[in-house]
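Here is a friendly walk through one structure, written for someone who likes to follow along in the viewer. Please keep the sequence and the model open side by side as you read.

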Amino acid sequence: MRKFRKDKYRVIQWATGSQGKLAIQMAASDTRPHLEVVGCWVHSADKVGMDAGDLAGIEPIRVKASNDVEALLAMDADCVIYSPFFADIELICRILASGKSVVTQVGDIYIIDKAKRARIQAACAAGSSSYYASGINPGFFSDRLCATLTTTNSEVEHIRCVEYSHGAPTGLSPHMLFEGIGFGWSQARLDR
């Protein structure tokens, strides 16, 4: 049985696009009794004041969406589920320094750049917070799966990993695929 240090973790959902809606649905479900959605940031002024449950396509959860960054940073919460289309390192560092841990599936936030990584580590230290980036949903699972499956074999002759993303239902643009995710990048660009 999984054990938690607290009975309830207070969560702010940051953005309500395709991934943010799923995060609200998950965090507000009865299957996650240890999570409580207490805040919701939205980009669009049209969504300000709407119930986060309505934005996620579920029953209202009595959490009003806001675009007031300062109010959300001042809010008593344990964690931010950070789900905008592109990551803002300045904002992520502000969230971490405010004492809130960050969990994100945003694909372009794998911290290869040492200066960015150092900034995130400093923000975590300042806020006694933590940072977890899984990459775009489902977290680039296919690359990890191959390596994990090799542990079940005594010999491995070949590994082939093919990743496919049908962008039509999710709205992935060529920019997202080739810039945000990095498909087609040269080794030199990956090494930067």
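S128 sits in the loop that links α5 (114-127) to β5. Helices (H or I, at least four residues) and strands (E, at least two) are DSSP runs, numbered from the N terminus. The model is a predicted one, in which local features need pLDDT of at least 70 and side-chain atom pairs count only at pLDDT 80 or more, while totals for chains, interfaces and linings use all residues. Residues are numbered from 1 along each chain as its sequence is written, and side-chain values use heavy atoms, with hydrogens and water left out.

S128 has a positive phi, near 50°, although the residue is not a glycine. A15 also has a positive phi, about 95°, and is not a glycine either. The place of A15 is the loop between β1 and α1. Is each of these residues buried or exposed? Here buried means under 20% relative accessible area, exposed means over 50%, and partly exposed is in between (1.4 Å probe, protein chains only). S128 is exposed, whereas A15 is buried. The table sets their values beside those of some other residues.

| Residue | Relative accessible area | Class |
|---|---|---|
| A15 | 8% | buried |
| C40 | 1% | buried |
| I61 | 22% | partly exposed |
| C79 | 14% | buried |
| S128 | 69% | exposed |

**The overall plan**

The protein has eight helices and five strands. Along the sequence they follow the pattern β-α-β-α-α-β-α-β-α-β-α-α-α. Of the 192 residues in the protein, 36% are buried. Contacts (heavy atoms within 4.5 Å) with a separation of 6 or more come to 61% from residues 24 or more positions apart.

**The sheet**

In what order do the five strands lie in the sheet? They form an open sheet in the order β2-β1-β3-β4-β5, with parallel pairing. β2 (35-41) and β5 (131-133) are at the edges with a single partner strand each, so one side of each has no neighbour in the sheet. From one strand to the next the twist averages 20°. For such angles, axes are lines fitted to C-alpha atoms, for helices over the stretch in contact, and angles run from 0 to 180 degrees between N-to-C directions. Two strands pair if DSSP finds at least two bridges between them.

Now to the individual pairs. Six bridges join β1 (residues 9-14) to β2 in the parallel sense. Within β2, L35 is the bridge partner of Y9, and C40 is that of Q13. Six of the seven residues of β2 are buried, so this strand is largely enclosed by the rest of the structure.

Strands β3 and β4 (residues 101-104) run parallel and are joined by four bridges. The chain passes from β3 through helix α4 (residues 89-97) to β4 in a right-handed β-α-β crossover; right-handed means that, with the strands pointing away from the viewer, the path from the first strand over the helix to the second runs clockwise. Three bridges then pair β4 with β5 in the parallel sense, and T104 has A133 as its bridge partner in β5.

Which residues of α1 are buried? They are G20, A23, I24 and A27. Seen down the axis of α1, these buried residues fall within an arc of 100°, so they line one face of the helix; the arc is that of the directions from the helix axis to the C-beta atoms. In general, an α-helix has 3.6 residues a turn, so residues three or four places apart point the same way. The buried residues of α1 pack against β1, β2, α2 (52-56) and β3.

I61 belongs to the loop between α2 and α3 (69-74). Leaving aside residues up to four places away in sequence, I61 touches I24, A28, V37, D51, A52 and G53. I61 and V37 are 24 residues apart in sequence, and their C-alpha atoms are 8.0 Å apart in space.

**Cysteines**

C40 and C79 are both buried. How many disulfides does a search of the whole structure find? With a disulfide taken as a pair of cysteine sulfur atoms within 2.5 Å, the search finds zero.
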